[in-house]
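Here are some questions and answers on how the terms used for a structure follow from the values behind them. Each answer sets a value against a definition before it concludes.

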Amino acid sequence: MLALLFILFAGMAIGCAISMVAQRNPLYSAISLIGVFISLACLYVTLSAPFIAAVQVIVYAGAIMVLVVFVIMLLNVDQPERQPRRLRSLVPIAVGLAAILFAEAAFIIFFVQQAPLTPTHSISNVGLTSSIGTGLFTSYLLPFEITSILLLMAIVGAMSLARRGGLIRPRVDGGEKGTNNRQ
Amino acid sequence: MNMAPQLSWYLALSAVLFTIGVVGVLVKRNVISMFMCIELMLNAVNLTFVAFSSFFRDVSGQLFVFIVMTVAAAEAAVGLGIIISIFRNRESLDVDDSSVLKL
């Protein structure tokens, strides 16, 4: 049952990701990316991480993608993608590097088969909100505080980047773009 | 089918998603599309964190995912601000038009 769910959601994720890369229109790419986020959230639920799944849907599929779609529609660019210039001379090097990469991957798959353990869906409080909160506010308190400073810097940076004229000549208008970015 | 999904399945899925993200960054020419491919790569890494956290029964991986999501949110805010600024100066979202920093 879990394997079926895994195959279903992994297929959804890979399909949406390929569709994201294949689309020419950025808006369709954004919608495909939301599909990837939703299927990854479902995978987190099967991995018994309900809090991370909820945060994934709220922060990624909600806030960040709303921001991206907002910028796409704000800029409203309808230019076709130019074809990149082909570098034919690099093709043999690329083939060689890809062969090395596949050799490494095959080595790991066939010789390093010591993936441990049984999956959790037994009784375990890992992944519940209370255990995450306990870890976040005891042993990981310093990264949490640094993260808050990072968010403050992001707010100030986004406001100063998105307003016209920069911070040198502050104006009243156009300064609201960064204020709704805080998660 | 009574197989339970193994850890290697999740790692393989994550590797595939990360590779698709890398290919997108290399192939795309639109700044916003490249930005979304970077988000996809961050999500692939998050999947490995959650898989390891679940299989090793250690909550640290999920705390890392939480912090990665915060960094991704900050990156989205600043990155989209930069994109708006680029578009305002160059009237284009093609990265080939922004290959020189000087205007």
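Q: What makes a residue count as buried, and what share of chain B is buried?
A: A residue is buried if 20 or more other C-beta atoms lie within 10 Å of its own, the C-beta atoms being placed from the backbone. In this predicted model, buried residues make up 46% of the 103 residues in chain B.

Q: Why are α1(A) and α2(A) described as roughly antiparallel?
A: Angles over 145 degrees count as roughly antiparallel, and these two helices pack at an angle of about 160 degrees, with their axes 8 Å apart; α1(A) and α2(A) are therefore roughly antiparallel to each other. The crossing in which α1(A) passes α2(A) is left-handed. The contact of α1(A) with α2(A) comprises 14 nonpolar, 6 polar and no charged residues.

Q: How do you know whether α1(A) and α1(B) are roughly parallel or roughly antiparallel?
A: Angles under 35 degrees count as roughly parallel, and the axes of α1(A) and of helix α1 of chain B (residues 7-27) cross at roughly 5 degrees, coming within 9 Å; α1(A) and α1(B) are therefore roughly parallel to each other. Among the residues that meet here are A:F6, A:I14 and A:V21 in α1(A), and B:W9, B:L17 and B:V27 in α1(B). By class, this contact of α1(A) with α1(B) has 15 nonpolar residues, 1 polar and no charged.

Q: What makes residues of chain A count as in contact with chain B, and how many are there?
A: Two residues are in contact if their C-beta atoms lie within 7 Å, and on that criterion 63 residues of chain A are in contact with 58 residues of chain B. The elements of chain A that give two or more residues to this side are α1 (2-22), α2 (26-46), α3 (50-75), α5 (129-137) and α6 (141-162). By class, the residues on the side of chain A that touches chain B divide into 49 nonpolar, 12 polar and 2 charged.

Terms used: Residues numbered from 1 in each chain as written. Chains lettered and ligands numbered in written order. Predicted model: local features only at pLDDT ≥ 70, side-chain atom pairs only at ≥ 80, totals over all residues. Helix = DSSP H or I, 4+ residues; strand = E, 2+ residues; numbered from the N terminus. Nonpolar A, V, L, I, M, F, W, Y, C, P; charged D, E, K, R; others polar. Axes fitted to C-alpha atoms, helices over the stretch in contact; angles between N-to-C directions. Parallel < 35°, antiparallel > 145°, perpendicular 65-115°, else oblique. Left-handed = near helix turned anticlockwise from the far one by under 90°. Buried ≥ 20, exposed ≤ 12 C-beta atoms within 10 Å, placed from the backbone.
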